[in-house]
Amino acid sequence: MSLSIALRLSRLLARHTHRNMLPLRGPAGVVSFTFDDVPASACEAGAAALERHGVRGTFYVAGGLTGQLEEGKPCHSEEQLRRLLDNGHEIGCHSYSHIRCDTLGTGRLTAELERNARFLAHLGVDLQGLDFAYPFGAYALGAKRICSRRFRSSRITGGGPHYDEVDLNAIQTHRLYAETTETPSYEELVGQTAARKGWLVLNTHDVEDPPSRFGYAPEKLALAVKAALDAGCKVLPVGAAIDYWESRAG
Ligand SMILES: [Zn+2]
């Protein structure tokens, strides 16, 4: 993806403004598993891989994808989303139309977010303390200003774990994808997160065998959850992780 110079500059400025810093001081590191777009397989095999180990995840939903196909694969149904909520998972916002937010004007972005808020409210999602993930990780100065006012947190894509502190308006991830060349590996990052008591947020999409290149296989996902727990990390949805850090921030 090539970004215009103006957009690069806007993103650079965004890194340093509209920040909401939270200290990461706790007795243990935290790993959060997040699912973007929420394919049907994430609702089924993805949720099951977490539940098998007694933990829960965060599912970032774009209402415009509900009941649709994405890249030829079925997305979630409303019934699947309700089951996720019933089983204690977190549902977050991912815009309504799964649209890049960095190039949208204020009016269009606000309309997108309000449309998805109505959809999530209809599902029974509590809009207080809603967490957001930028589609395609695409953020910029204007979008960050708007999202920082609307959401408890906003997640971008990539960048790795946070240590010592996090900007809740630009939470980074490690991509848990079938085809990844990112280093260090997941296993190394979990070790570092446990040792430094940091926060590692993971993002993936479909959970099936074989997965798409942006997804992950169910057995590998279950092993990743186990590895985080075995390393001594807590595994928490994004909202619960923020509660954990805030309760210790003093
Ligand atoms: Zn997405």
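Reader: What should I know before starting?

Author: This is a predicted model, in which local features need pLDDT of at least 70, side-chain atom pairs count only at pLDDT 80 or more, and totals for chains, interfaces and linings use all residues. Residues are numbered from 1 along each chain as its sequence is written, and side-chain values use heavy atoms, with hydrogens and water left out.

Reader: Which residues are the protein donors of the zinc ion?

Author: Donors are N, O and S atoms within 2.8 Å of the metal (3.2 Å for Na, K and Ca); water is not among the atoms, so sites may look incomplete. Here the protein donors are Asp-37 through OD, His-94 through NE2 and His-98 through NE2, at 2.0 to 2.1 Å from the zinc ion. Their spacing in sequence is D-x56-H-x3-H. Asp-37 and His-94 are 57 residues apart and link distant parts of the chain. Asp-37 sits in the loop between strand 2 (30-36) and helix 2 (40-51), while His-94 sits in the loop between strand 6 (90-93) and helix 4. Helices (H or I, at least four residues) and strands (E, at least two) are DSSP runs, numbered from the N terminus.

Reader: Are Asp-37 and His-94 buried or exposed?

Author: Buried means under 20% relative accessible area, exposed over 50%, and partly exposed in between (1.4 Å probe, protein chains only). Both Asp-37 and His-94 are buried.

Reader: How is a pair of packed helices described?

Author: Two packed helices are described by the angle between their axes and by the distance between the axes. Axes are lines fitted to C-alpha atoms, for helices over the stretch in contact, and angles run from 0 to 180 degrees between N-to-C directions. Angles under 35 degrees count as roughly parallel, over 145 as roughly antiparallel, 65 to 115 as roughly perpendicular and the rest as oblique. Helix 3 (residues 78-86) packs against helix 4 (residues 106-123) at about 65°, and their axes are 10 Å apart. Helix 3 and helix 4 are therefore roughly perpendicular.

Reader: Which residues make that contact?

Author: Contact means heavy atoms within 4.5 Å. Helix 3 contributes Glu-78, Leu-81, Arg-82 and Leu-85, and helix 4 contributes Phe-119, His-122 and Leu-123. By class, the contact of helix 3 with helix 4 has four nonpolar, one polar and two charged residues. For these classes, Ala, Val, Leu, Ile, Met, Phe, Trp, Tyr, Cys and Pro count as nonpolar, Asp, Glu, Lys and Arg as charged, and the others, Gly among them, as polar.

Reader: At what angle do helix 2 and helix 7 pack?

Author: Helix 2 and helix 7 pack at about 30°, with axes 8 Å apart. That makes helix 2 roughly parallel to helix 7. The contact involves Ala-45, Gly-46, Ala-49 and Leu-50 of helix 2, together with Pro-218, Leu-221, Ala-222 and Val-225 of helix 7. The residues of this contact divide into seven nonpolar, one polar and no charged.

Reader: What is the general rule for phi and for peptide bonds?

Author: Most residues other than glycine have a negative phi, and most peptide bonds are trans. Glu-71 is not a glycine, yet has a positive phi of about 50°. Glu-71 lies in the loop between strand 4 (69-70) and strand 5 (73-74), and at 69% relative accessibility counts as exposed. Asp-164, also not a glycine, has a positive phi of about 75°. Asp-164 is in the loop between strand 8 (153-159) and strand 9 (165-167), and is exposed, with a relative accessible area of 54%. As for the peptide bonds, a cis bond joins Asp-209 and Pro-210, with omega about 0°. Pro-210 is in the loop between strand 11 (199-204) and helix 7 (218-230).

Reader: Where is Ser-95 found, and which residues does Ser-95 touch?

Author: Ser-95 is in the loop between strand 6 and helix 4, and at 0% relative accessibility counts as buried. Leaving out residues up to four places away in sequence, Ser-95 touches several residues, including Val-61, Cys-101, Glu-112 and Pro-135.
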